[in-house]
Amino acid sequence: MIDLYAAATSNSMRARIALEECGLPYKLHPVDLAKGEQKSAAFLALNPNGQIPVIVDHDGPGGKPVTLSQSTAILLYCAEKSGKFLPQDPAARPAVLQALMNASTDVTPIFGAFFGVMRSKEPHAPTAQMFKDRLREFFKVWDVQLAKRKCCAGDELTVADLSLYAGYARIKGAAPEIVEGLPNVARWAGEMAARPAILRASKF
Ligand SMILES: N[C@@H](CCC(=O)N[C@@H](CS)C(=O)NCC(=O)O)C(=O)O
């Protein structure tokens, strides 16, 4: 059994999607960010950065427990543990890793910065617009890519799709104009949203 510490955020959703899609049994422990539960001594023992998501796998490699933060590390851990969503063929891996990094290190952090600006006491409109424009540019490129293939890194579903969908879902909810008018992204997102594991992961 794996313990998941999470809340309704894109990074948490990435971890939860990973567990659901990989078919790994887990118990959800909701963390109330508004109450600052992520900064409690008990939580800091799991992640000294005081951030969600975190998993504790009580049956890690060699039967030893593993405590892991960073949503993309959790995604890759689940993929490797289950043998799913990461191609075994070394020739297929670079495209998957490239797509994964765009989703996890470009799209999601820029959205986090945009959201942070919007929720600040005095939101700076030009800064918010700059982040929105950057996100839109990434999704315009995804729209071109997804016209040529079914999934982010080819025709097979991989960790890249799972990561991008977690970011996409939050962006679509908070600022839908960023992803509007991109038919291939919309087709891909509709297929992702209909997956039973993603439906389960989306219910916080
Ligand atoms: N790079 C990290 C980012 C984690 C992160 O930013 N977590 C946010 C929620 S999405 C958080 O815990 N914020 C509360 C805080 O920093 O106090 C990941 O991918 O997991």
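# A walk through the chain

The chain has eight helices and four strands. Both are DSSP runs numbered from the N terminus: H or I of at least four residues for helices, E of at least two for strands. Along the sequence they follow the pattern β-α-β-α-β-β-α-α-α-α-α-α. This is a predicted model, in which local features need pLDDT of at least 70 and side-chain atom pairs count only at pLDDT 80 or more, while totals for chains, interfaces and linings use all residues. Residues are numbered from 1 along each chain as its sequence is written, and side-chain values use heavy atoms, with hydrogens and water left out.

Start with the overall form. The C-alpha atoms fill a box of roughly 50 × 45 × 25 Å, taken along the principal axes. The radius of gyration is 17 Å, which agrees with the value near 17 Å for a compact globule of 204 residues. That radius is taken over C-alpha atoms, and the globule rule is 2.2 Å times the number of residues to the power 0.38. Buried residues make up 45% of the 204 residues. Buried means under 20% relative accessible area, exposed means over 50%, and partly exposed lies in between (1.4 Å probe, protein chains only). The chain exposes about 10,100 Å², and carbon and sulfur atoms supply 57% of that area. Accessible areas come from the Shrake-Rupley method with a 1.4 Å probe; for residues, only the protein chains shown count as cover.

Contacts tell how the sequence folds back on itself. A contact means heavy atoms within 4.5 Å. Take the contacts between residues at least 6 apart in sequence: 65% of them join residues at least 24 apart.

Now follow the backbone. Pro-53 lies in the loop between helix 2 (41-44) and strand 3 (54-57). The peptide bond from Ile-52 to Pro-53 is cis, with omega near 0°. Further along is Gln-70, in the loop between strand 4 (66-69) and helix 3 (71-82). Gln-70 is not a glycine, yet its phi is positive, at about 75°. Gln-70 is exposed, with a relative accessible area of 53%. Phe-85 sits in the loop between helix 3 and helix 4. Phe-85 also has a positive phi, about 70°, although it is not a glycine. Phe-85 is buried, with a relative accessible area of 15%.

Next come the helix pairs. Their axes are lines fitted to C-alpha atoms, for helices over the stretch in contact, and angles run from 0 to 180 degrees between N-to-C directions. The axes of helix 3 and helix 4 come within 11 Å and cross at roughly 145°. Thr-72, Leu-75, Leu-76 and Glu-80 of helix 3 meet Arg-93, Leu-100 and Ser-104 of helix 4. By class, this contact of helix 3 with helix 4 has three nonpolar, two polar and two charged residues. Ala, Val, Leu, Ile, Met, Phe, Trp, Tyr, Cys and Pro count as nonpolar, Asp, Glu, Lys and Arg as charged, and the others, Gly among them, as polar. Helix 4 (residues 93-118) also holds Gln-98. Gln-98 is exposed, with a relative accessible area of 63%.

Helix 7 takes part in two contacts described here. With helix 5, its axis comes within 7 Å, and the two cross at roughly 75°. Helix 5 and helix 7 are therefore roughly perpendicular. Angles of 65 to 115 degrees count as roughly perpendicular, under 35 as roughly parallel, over 145 as roughly antiparallel, and the rest as oblique. Phe-139, Trp-142, Asp-143, Leu-146 and Ala-147 of helix 5 meet Pro-183, Asn-184, Val-185, Arg-187 and Trp-188 of helix 7. These residues divide into seven nonpolar, one polar and two charged.

The other partner is helix 6. The axes of helix 6 (residues 159-174) and helix 7 (residues 183-193) come within 11 Å and cross at roughly 100°. Helix 6 and helix 7 are therefore roughly perpendicular too. Helix 6 contributes Asp-161, Leu-162, Leu-164, Tyr-165 and Tyr-168, and helix 7 contributes Val-185, Trp-188, Ala-189, Met-192 and Ala-193. The contact of helix 6 with helix 7 has nine nonpolar residues, no polar ones and one charged.

End at Cys-151, in the loop between helix 5 (125-148) and helix 6. Cys-151 is buried, with a relative accessible area of 6%. Leaving aside residues up to four places away in sequence, Cys-151 touches Leu-146, Glu-156, Leu-157, Asp-161 and Trp-188.
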